[in-house]
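Me: Please show me the structure, and then let us go through it by question and answer.

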Amino acid sequence: MAVATRGGRGSFGGGGGGGGGGGGGLRNIVSYRIFASAMFTLLFIATLSVLLTGNPAPPFHESVIPSSGNAYMQRTFLALKSDPLRTRLDLINKQANDHIILVNAYAAYARKLKLDISRQLRMFDDFARNFSDLAARPGQKMAPEDEEEGTANEDLVRQLEKEVKDRVKIARLMIAESKESYDNQIKIQKLKDTIFSVNELLMKAKKNGQVASLIAANSVPKSLHCLAMRLVEERIAHPEKYMEEEDSPVFQDPSLYHYAIFSNNVIAVSVVVNSAVKNAQEPWKHVFHVVSDRMNVAAMKVWFKMRPVGGGAHVEVKAVEDYEFLNSSYVPVLRQMESANYGDNAQLRNPKYSLLNHLRFYLPEMYPKLHRILFLDDDVVVQKDLSALWRIDLDGKVNGAVETCFGSFHRYIHYLNFSNSVIKERFNPRACAWAYGMNIFDLDAWRREKCTEQYHYWQNLNEDGTLWKSGMLPPGLITFSSTTKSLDKSWHVLGLGYNPSISMDEISHAAVIHFNGNMKPWLDIAINQFKNLWTKYVDNDMEFVQVCNFGL
């Protein structure tokens with residue numbers, strides 16, 4: 001039994017020798033796992049210790065958000081160490097700084113716009129300084145030990161928050177009160193800037209338009225040049241049709257109604273004559289004296305030969321050169337134009353400054369047998385019978401004309417140089433000016449008053465151009481200053497060459513309408529609503545008018 005038992009043990013033990021070796025291997029594996037776990041635990045603790053002690057968090061105001069893999073760990077530990085009062089204090093400072101910027105911005109706008117609200121400007125500046133002083137006040141700063149610990153004094157924060165909130169509330173009320181005013185002022189300033197810019201462009205456009213208009217007015221249109229050339233060609237081709245004729249006695253008959261027209265413009269003169277004849281009650285009693293220069297007189301004669309005036313009216317065409325007394329020894333203008341000073345005098349260089357324009361001052365010498373004569377410019381249109389002008393009582397005056405002054409405009413001071421002592425002593429600067437273009441002259445009174453001699457005297461004084469600017473009106477105002485009779489304004493309506501606002505009612509009641517200005521009716525720049533008043537008297541049946549394409 002015992003043997004069996006031992007044998008069994010021995011047997012078991014002998015058989016389990018291999019099993020005991022297997023149990024020792026198992027124990028070795030378990031011990032290795034325990035050892036590895038302990039090592040990993042120690043390694044984790046060591047790593048954690050290094051992270052916590054090797055990279056301490058910097059002070060709050062110098063903290064930098066890490067970008068490495070341990071960012072999450074650092075944010076977690078920073079959050080655990082942060083002070084809620086510190087965050088609250090930072091928010092209060094940010095709010096104060098935001099309002100400092102806002103208040104300074106409105107103060108800057110006020111200075112830029114130069115507003116007359118110095119009280120508000122001072123308030124803005126004071127609030128900006130108060131906010132800055134509040135943020136920089138020594139008592140509002142944290143103690144060094146608090147900064148190191150990252151904590152803030154709760155009482156200090158509450159006091160600061162209360163002061164900041166009170167000032168922010170006042171600042172917001174003040175800004176809200178003046179915001180609308182500032183916004184409107186900004187809009188007004190922008191509008192002013194826009195208006196100024198547009199006005200600059202408008203002034204530039206006006207100047208360019210005036211220059212272009214002046215060039216157009218002083219130039220000869222192609223159609224007018226064509227008409228003159230065609231008429232001269234006709235005279236050369238058929239000289240037998242245009243032989244010179246003796247002067248008719250009617251040209252010197254003082255009992256008839258005589259007109260004087262001085263021009264180089266063939267089509268313009270034809271319109272003046274046609275309109276006067278068509279509106280005359282007794283056209284056979286009307287005599288027209290047309291004077292042109294040597295270059296255009298042939299064309300003028302051919303026109304009135306080819307297109308005789310209807311109604312029995314008479315037309316005399318002459319050249320300036322036909323009046324032999326008009327020479328440089330008698331006429332100051334000719335002498336001045338031939339003198340060495342011609343190039344230095346601006347008015348003498350003006351294209352309109354020619355002897356043809358000055359013939360109006362020599363009417364008594366040109367027509368010695370006449371008593372009255374009606375002077376007409378070539379840019380007028382006659383709308384009514386003018387024979388009544390020869391019956392008007394001029395009260396012994398020389399010139400019957402329509403006055404043009406209204407208010408302070410068209411006074412002598414606008415035409416003469418009153419800084420010159422000679423002008424200042426002789427004339428009244430407030431005297432009313434009158435218009436050339438339709439003037440009835442009493443030639444007997446002219447001769448009696450010696451007006452041509454007066455004209456010569458003043459023209460000689462003005463050789464250097466210091467008494468008046470260029471033009472025919474200033475010497476006329478001086479020559480006839482005390483011998484002009486004012487006529488009713490309905491006789492002569494002016495401005496159709498520059499003023500589009502003239503009423504059609506005023507025009508319809510006028511005896512003579514005047515296209516004075518640069519926008520002449522035969523030019524492309526004419527005022528459209530007035531152009532038909534002139535074109536209806538153009539002889540469109542004349543073959544050369546059609547050939548030269550007037551476009552009327």
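Me: In which sense do S9 and strand S10 pair?

Reply: This is a predicted model, in which local features need pLDDT of at least 70 and side-chain atom pairs count only at pLDDT 80 or more, while totals for chains, interfaces and linings use all residues. Residues are numbered from 1 along each chain as its sequence is written, and side-chain values use heavy atoms, with hydrogens and water left out. Strands are DSSP runs (E, at least two residues) numbered from the N terminus, and two of them pair if DSSP finds at least two bridges between them. Strand S10 covers residues 512–514, and its 2 bridges with S9 make the pairing parallel.

Me: Which are the edge strands of the open sheet?

Reply: The open sheet has 3 strands in the order S5-S10-S9, with mixed pairing. Two of these strands pair on one side only: strand S5 (380–382) and S9.

Me: Which residue in S10 stands opposite His 492?

Reply: His 492 belongs to strand S9, residues 492–493. Its opposite residue in S10 is Val 512.

Me: Is His 492 buried or exposed?

Reply: Buried means under 20% relative accessible area, exposed over 50%, and partly exposed in between (1.4 Å probe, protein chains only). With a relative accessible area of 2%, His 492 is therefore buried.

Me: With which side chain does the side chain of His 492 make a polar contact?

Reply: A polar contact is a pair of N or O atoms within 3.5 Å; within protein, one must be able to donate a hydrogen and the other to accept it, and residues adjacent in sequence count only if both atoms are side-chain atoms. At 3.1 Å, the partner of the His 492 side chain is that of His 514.

How values were computed:
Helix = DSSP H or I, 4+ residues; strand = E, 2+ residues; numbered from the N terminus.
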